[in-house]
Amino acid sequence: MNQPVLQVDNLAKTYTQYRSELARVLSWTGLPIEPIAQHCVLQGISFAIEPGEAIGIVGQNGAGKSTLLKIVTGTQQPTTGTVSVNGRIGSILELGMGFNPDFTGRQNAFHSAGLMGFSQAEIESVIDRIERFAEVGTYFDQPVNTYSSGMQMRVAFSVITAFRPALLIVDEALSVGDAYFQHKSFNRIRDFQQQGSALLIVSHDANVIQSLCNRAILLDHGQVIQDGKPSAVMDYYNALIADKERATVSVKKVDADNLQTTSGTGEAIVDSIALIDATGKPTELVNVGDLVTLQVCVNVRKNLPIMVLGYMIKDRLGQVMYGTNTWHTQQAVKDLSQGDTVTYNIQFSMNLGPGNYSVSTALVNAETHMDQNYEWRDLAYVFEVANVNKVKFAGSAWLQPVIEVS
Amino acid sequence: MKSLLLSAWRYRYFILSSIKVDFRRRFVRSRLGGLWMIINPLVQAAMFALILSQVLSGRLPDMSDNKLAYPVYLLSGTLAWNIFTEVINRCLTVFIENSNLLKKLVFPRICLPMIVTGSAMINNLLLLGSILLIIIVLGFTPGYNVIWLPLLMVITLTLSLGIGLILGTLNVFIRDIGQIVPIVLQLGWWFTPIVYPASIVPKAVLPFMRLNPMYWIVQSFQNAILFNTPPTWIALGCITLISLVLLRMSLILFRRASSEMVDVL
């Protein structure tokens with residue numbers, strides 16, 4: 001193959017903190033001023049991207065993904081190491097950046113393409129293509145402040161992809177506008193890839209990474225800890241998250257707006273919870289339709305006459321997908337004494353659509369938790385369902401069809 | 001240094017279109033648009049003319065019989081000062097105001113000060129045009145020495161760009177600068193003979209005043225428009241030299257700072 005599109009060599013980024021900003025300014029003059037703190041966000045990053053490759057970058061918040069992208073695009077400078085780019089970089093991180101609401105779509109298209117470094121004549125030659133692709137009709141010659149946010153995204157996406165870049169950086173913001181336009185923009189991105197553009201995709205979405213990428217890079221604490229097949233890297237990534245969850249206390253932030261809340265008397269607690277796949281290994285990434293076992297170990301802290309375990313599986317919006325308890329199944333455990341451990345193995349087929357789900361558990365003494373609530377735990381476990389080998393489908397239930405066409 | 005200018009040249013279309021955008025933006029929402037930029041200094045000059053002309057018009061050298069002399073004197077000084085402060089003030093905040101662009105997009109950062117300078121230049125050419133129009137309508141005919149005005153404007157621009165770029169770069173790191181500079185400029189305005197003639201300044205203070213490069217620049221504007229005499233070439237030559245040194249320094253500072261600029265924005 002020919003030269004790589006992007007070659008990153010031993011890249012490191014350190015944010016330095018000086019006693020005061022004045023000290024920083026004076027340090028440029030060559031005075032011997034020592035910074036008081038150095039904060040290393042990236043270190044020893046090396047990888048290369050060949051033309052036509054699609055690489056996913058995954059990592060937890062704060063792993064250094066955005067900093068890496070900023071350095072690759074060139075807005076930030078690496079502290080040490082080199083980034084060499086062979087060709088132009090297009091970036092969908094900055095959709096609609098630099099748009100002025102008082103100007104028309106056309107004027108803004110000219111302006112932002114100019115910001116990307118194209119000459120008037122070059123923009124002139126593609127402006128019709130931009131207009132056609134955006135499909136905003138006569139709005140193209142109306143001020144952008146009359147646009148809906150989706151229309152603005154359409155124009156912005158059309159401008160950014162008007163010229164085929166050697167490397168296209170795509171982040172989660174790819175959900176541009178409605179489903180129709182999303183489809184259209186994905187097609188354009190795939191076309192670029194077929195014509196030899198490399199893709200660099202940042203996402204938390206295992207589905208996106210696994211369906212689009214042929215390689216994934218896992219960043220953690222500023223270092224590349226995995227670089228390989230997307231499925232393997234995603235497994236590792238999920239294990240990493242699970243590890244983190246186990247290490248934290250009972251009330252914690254699971255993500256931006258979800259708090260895991262635990263309530264109850266604490267007379268019995270869920271000691272551990274895991275989803276176990278067919279091979280007997282704990283997993284957080286489940287293929288649609290796979291047979292899994294939800295294993296819940298309960299630690300009894302006081303003598304209890306009766307204990308019922310209830311659980312619910314909720315989607316990311318908190319809607320209950322399924323829930324039941326051992327009262328209904330007539331499996332309530334009786335006469336427990338302090339220090340007992342009860343293990344529940346709940347086997348079921350993962351007949352859910354792709355997405356993120358959580359498990360809530362409840363330990364009670366009867367049908368509902370109103371009577372005596374030993375422990376109630378929301379977001380006790382988080383897992384992801386991905387459609388690896390089933391036909392493509394929409395929705396949150398897997399209703400395997402047999403379609404006869406006659 | 002060469003690469004800095006070369007990259008700016010590659011982005012010349014963007015710089016030009018940004019200046020156009022900047023100019024057009026002011027007309028989109030308001031009826032008088034860009035005219036507000038020149039109405040402000042003109043009203044200020046009119047206020048001073050109204051209040052101080054009785055006191056000061058007799059004090060202008062060789063002009064005691066000319067009623068128009070003081071307003072013209074005021075307007076000339078106002079033009080010079082307006083170029084100086086507009087470029088400095090806009091360079092001061094240019095990187096902070098565009099922090100979003102700087103953080104997300106890759107383009108030669110030197111474009112930004114060039115855009116604000118260009119747009120300030122257009123404003124001041126409009127101001128120059130209206131000042132000349134006003135004084136001609138009032139009945140004052142400037143002499144042939146007005147031909148020096150374009151050169152004077154370029155020197156003023158170079159000086160203020162050098163100072164503005166240094167302050168603007170530092171302002172990204174030390175935000176106090178953004179607060180101090182307007183105060184210093186306000187003081188500078190009173191310590192430069194714009195509303196009053198240099199002749200009423202006490203003899204002991206005058207040598208200090210002459211250390212201020214704007215003293216000479218404002219004086220050259222007044223000479224060119226009102227007194228119809230050529231600029232003081234020696235002083236102006238020194239100022240040009242200082243301006244070029246400042247500009248060079250500002251570019252070195254800018255290059256040093258630009259790698260860390262995005263880190264702190």
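1. Let us begin with a term: a residue counts as buried when its relative accessible area is under 20%. By that cut-off, buried residues make up 47% of the 406 residues in chain A. Please keep in mind throughout that this is a predicted model.

2. Chain A brings together helices and strands: 8 of the former and 21 of the latter. If you look at its contacts between residues at least 6 apart in sequence, 73% of them join residues at least 24 apart. Chain A exposes about 19700 Å², and 49% of that area is supplied by carbon and sulfur atoms.

3. Chain B is built from 11 helices and 0 strands. Read from the N terminus on, its elements run α-α-α-α-α-α-α-α-α-α-α. Of its 265 residues, 55% count as buried. As for contacts in chain B between residues at least 6 apart in sequence, 79% join residues at least 24 apart.

4. A word on helix packing before the individual pairs. Two packed helices are described by the angle between their axes and the distance between the axes. The next points take the pairs in turn.

5. In chain A, have a look at helix H4 (residues 120-134) and helix H6 (residues 179-194), which pack at an angle of about 140° with their axes 11 Å apart. An angle over 145 degrees would count as roughly antiparallel, so H4(A) is oblique to H6(A). On the H4(A) side the contact involves A:Arg129, A:Arg132, A:Phe133 and A:Ala134, and these meet A:Phe181, A:Lys184, A:Ser185 and A:Arg188 in H6(A). Sorted by class, this contact has 3 nonpolar, 1 polar and 4 charged residues.

6. Turning to chain B, helix H4 (residues 69-97) and helix H7 (residues 149-173) have axes that come within 7 Å and cross at roughly 30°. Angles under 35 degrees count as roughly parallel, and H4(B) and H7(B) are therefore roughly parallel to each other. The crossing of H4(B) past H7(B) is right-handed. By class, the contact of H4(B) with H7(B) has 17 nonpolar and 6 polar residues, and no charged ones.

7. H4(B) also packs with helix H8 (residues 176-190) of chain B: the axes come within 10 Å and cross at roughly 175°. That makes H4(B) and H8(B) roughly antiparallel to each other. From H4(B), the residues making the contact are B:Trp81, B:Phe84, B:Thr85, B:Ile88, B:Asn89 and B:Leu92, while H8(B) brings B:Ile177, B:Gly178, B:Val181, B:Leu185, B:Gly188 and B:Trp189. The residues of this contact divide into 8 nonpolar and 4 polar, with no charged ones.

8. One residue I would point you to is B:Asn171, which sits in helix H7 of chain B. Is B:Asn171 buried or exposed? Its relative accessible area is 2%, so B:Asn171 is buried. Leaving aside neighbours within four places in sequence, B:Asn171 is in contact with B:Leu92, B:Ile96, B:Ile177 and B:Gly178. Among these partners, B:Leu92 also belongs to the H4(B) side of the contact with H8(B), and B:Ile177 and B:Gly178 to the H8(B) side.

Methods:
Residues numbered from 1 in each chain as written. Chains lettered and ligands numbered in written order. Predicted model: local features only at pLDDT ≥ 70, side-chain atom pairs only at ≥ 80, totals over all residues. Heavy atoms only, no water. Helix = DSSP H or I, 4+ residues; strand = E, 2+ residues; numbered from the N terminus. Buried < 20%, exposed > 50% of the residue type's maximum accessible area, 1.4 Å probe, protein only. Contact = heavy atoms within 4.5 Å. Areas by Shrake-Rupley, 256 points an atom, 1.4 Å probe, with all protein chains shown as cover. Axes fitted to C-alpha atoms, helices over the stretch in contact; angles between N-to-C directions. Parallel < 35°, antiparallel > 145°, perpendicular 65-115°, else oblique. Left-handed = near helix turned anticlockwise from the far one by under 90°. Nonpolar A, V, L, I, M, F, W, Y, C, P; charged D, E, K, R; others polar.
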